[in-house]
Amino acid sequence: MARGRKPMPDAMRLVKYSKPAKERMNPDQPEYGIDIQCPESFDEVRRKAWFDLVPNLIRAGVAKEVDVYSLEMLVEKWVEWRDVQDKVNSTGLVIKAPSGYPIMNPYYTMSMQIGKEVGRMLSEFGMTPSSRQRVVADKPKKVSEFSDIS
């Protein structure tokens, strides 16, 4: 059952509209920390992917503690896609079937399916050029040089 568009975050609503509808704003929107730990179940390849990806998302103000499960899924799918894509690169797009006829490499089909899933996950975190325009990140508050003076 379709539920319509995803709700727009309040921060984005404030930026996009000069007078946002106050009844649609969520004053009780939760705030989460940024203490994100790499899952202990990750092997060396997944840990490398984690530490390539997650610190950038934290610096950008996009990833929070609550996103750890989504990030884990993203890293798992990314590593899976990378493995399949390496097999496509080594065997080629067209292979010989047992009958001797050329067929499209099944790994290519897998790569395309996993790639779509990864693309959707990347856009959720604002990691594609078009989705970056829609994501609202939490920026650290600037401290004035005069804030120490009382």
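Predicted model: local features only at pLDDT ≥ 70, side-chain atom pairs only at ≥ 80, totals over all residues.

**Reading the labels**

Q: Why is Ile103 called partly exposed?
A: Ile103 has a relative accessible area of 34%. Buried means under 20%, exposed over 50%, and partly exposed in between (1.4 Å probe, protein chains only). The 34% falls in between, so Ile103 is partly exposed.

Q: Where is Ile103, and which residues is it in contact with, leaving aside neighbours within four places in sequence?
A: Ile103 is in strand β2, residues 102–104. Helices (H or I, at least four residues) and strands (E, at least two) are DSSP runs, numbered from the N terminus. With those neighbours left aside, Ile103 is in contact (heavy atoms within 4.5 Å) with Leu93, Val94, Ile95 and Ala97. The C-alpha atoms of Ile103 and Leu93 are separated by 8.5 Å.

Q: How many aromatic pairs are there by the ring rule?
A: The count is two. Rings of Phe, Tyr and Trp (its six-membered ring) pair if their centres lie within 6.5 Å; planes under 30 degrees apart count as stacked, over 60 as edge-to-face and the rest as tilted.

Q: What makes the pair of Phe42 and Trp50 edge-to-face?
A: The ring centres of Phe42 and Trp50 are 5.9 Å apart, and their planes are at 70°. That angle is over 60, so the pair is edge-to-face. Phe42 counts as buried at 5% relative accessibility. Trp50 is buried too, at 1%.

Q: What kind of aromatic pair do Trp78 and Trp81 form?
A: Trp78 and Trp81 form a tilted pair, 5.1 Å centre to centre with 35° between the planes. They are three residues apart in helix α3 (residues 68–91), so about one helical turn separates them.

Q: Why does Trp81 count as buried?
A: Its relative accessibility is 19%, which is under 20%, so Trp81 is buried. Trp78, at 37%, counts as partly exposed.

Q: Which residues have the most contacts inside the largest nonpolar core?
A: They are Ile36, Trp50, Leu57, Leu71, Leu74 and Val75, in a core of 22 residues. A nonpolar core is a set of buried Ala, Val, Leu, Ile, Met, Phe, Trp, Tyr and Cys residues joined through side-chain atoms within 4.5 Å. Helix α3 gives the largest share, seven residues.

How values were computed. Residues numbered from 1 in each chain as written. Heavy atoms only, no water.
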